[in-house]
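Biologist: Can you walk me through this model? Keep it short, please.

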Amino acid sequence: MNNYQKQLTPYLFLLPAIILLGLTVIWPALQAFYLSFTRYEYDITQAPEWIGLANFKRLIADKIFWQTFRNTLIYLVVVVPILVFLPLGLAILVNQKLRGISWFRAAYYTPVIISMVVAGLAWKWLYAENGLINQIIKIIGFSEGIPWLTSPNWVLFSVMAVTIWKGLGYYMVIYLAGLQSIPNDLYEAAAIDGSDGLRKHWDITVPLMKPYLFLVAVISAISATKVFEEVYIMTQGGPRNSSKTVVYYLYDQAFRNLEISYACTIGLVLFLIILGLSILRIVFGNSSSEISPSRL
């Protein structure tokens with residue numbers, strides 16, 4: 001086998017995956033990009049009509065889109081910080097060498113493996129007017145329950161709680177892998193210098209976990225940007241679009257209103273947002289290399 005054949009061999013093994021990826025991801029993405037500049041709606045048997053930037057002009061003037069964009073932005077601002085720092089605290093707790101700690105790890109991770117359909121239906125029942133949460137609130141002393149899923153002031157935060165509940169265990173495992181790679185010698189040396197208790201985590205754990213913190217921040221931000229299942233199962237975007245996200249609005253336009261081209265325009269904007277977050281992850285992820293113990 002000559003040198004040229006040796007260089008070609010790895011690409012031959014990759015060829016089936018490249019073909020599959022091209023047919024299922026790249027080609028549909030290129031089609032969606034083209035359709036965002038056309039009129040293709042209702043009667044999908046007709047060929048798309050080129051209209052240039054008309055869909056983007058419509059998008060700029062679309063009040064519902066900006067409301068869904070605002071909802072998605074609120075989702076990012078609220079959910080991401082919680083999913084960055086709270087799982088780290090849980091990871092520190094379950095990283096202790098205690099009897100039965102594996103059961104606690106399994107308990108925290110259980111929501112991750114539960115189907116979102118099951119979780120959404122369960123939480124919808126819990127949030128109901130006569131659901132368990134409102135019953136507990138009434139027992140505590142409040143005369144009336146809280147309209148978790150029927151009030152525009154509460155509904156988005158109620159859905160956020162489900163996203164956080166589902167994501168805590170997943171990000172905890174990421175942090176747990178990072179914590180178990182930190183040598184105990186560092187904590188022992190810090191204890192000699194007077195850094196013990198919670199302070200040792202600020203002095204040792206947080207600096208060493210910076211790459212993981214940034215990774216979780218970007219992953220959770222992308223997930224929050226694409227949130228759909230919770231909204232679809234629990235609220236259908238209501239009341240009055242107060243829980244509708246960009247992805248759910250895209251679904252509405254494509255599959256309910258059959259405005260395929262306009263949905264592709266919304267998808268293109270969403271793609272650019274996610275692409276920006278991904279580039280941010282690559283750029284800052286590479287620049288913020290892991291801190292080695294020798295640098296502390």
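Modeller: Here is a quick tour, from overall shape to single residues.
This is a predicted model, where local features need pLDDT of at least 70, side-chain atom pairs count only at pLDDT 80 or more, and totals for chains, interfaces and linings use all residues. Residues are numbered from 1 along each chain as its sequence is written, and side-chain values use heavy atoms, with hydrogens and water left out.

Biologist: What is the secondary structure of the protein chain?
Modeller: The protein chain has 13 helices and two strands. Helices (H or I, at least four residues) and strands (E, at least two) are DSSP runs, numbered from the N terminus.

Biologist: Is the chain spread out or compact?
Modeller: More spread out than a compact globule, because its radius of gyration is 24 Å, well over the 19 Å that the globule rule gives for 296 residues. That radius is taken over C-alpha atoms, and the rule is 2.2 Å times the number of residues to the power 0.38. The C-alpha trace spans about 80 × 75 × 30 Å along its principal axes.

Biologist: What share of the residues is buried?
Modeller: Buried residues make up 39% of the 296. Buried means under 20% relative accessible area, exposed over 50%, partly exposed in between (1.4 Å probe, protein chains only).

Biologist: Which residues have the most contacts inside the largest nonpolar core?
Modeller: Tyr 75, Tyr 175, Ile 182, Ile 204 and Met 209, in a core of 39 residues. Such a core is a set of buried Ala, Val, Leu, Ile, Met, Phe, Trp, Tyr and Cys residues joined through side-chain atoms within 4.5 Å. Helices that each supply at least two residues of this core include helix 3 (63–94) and helix 7 (155–179). A second, separate core has 12 residues, among them Trp 123 and Ile 233.

Biologist: New topic. Where is Tyr 262?
Modeller: Tyr 262 sits in helix 13 (residues 260–287). Its relative accessible area is 0%, so Tyr 262 is buried.

Biologist: What does Tyr 262 touch?
Modeller: Leaving out residues up to four places away in sequence, Tyr 262 touches Asn 55, Arg 58, Leu 59, Asp 62, Tyr 249 and Gln 253. Contact means heavy atoms within 4.5 Å.

Biologist: And the loops. Which peptide bond is cis?
Modeller: The bond from Gly 238 to Pro 239 is cis, with omega near -10 degrees. Pro 239 is in the loop between helix 11 (229–234) and helix 12. Asn 241 lies in the loop between helix 11 and helix 12. Asn 241 has a positive phi of about 65 degrees, although it is not a glycine.
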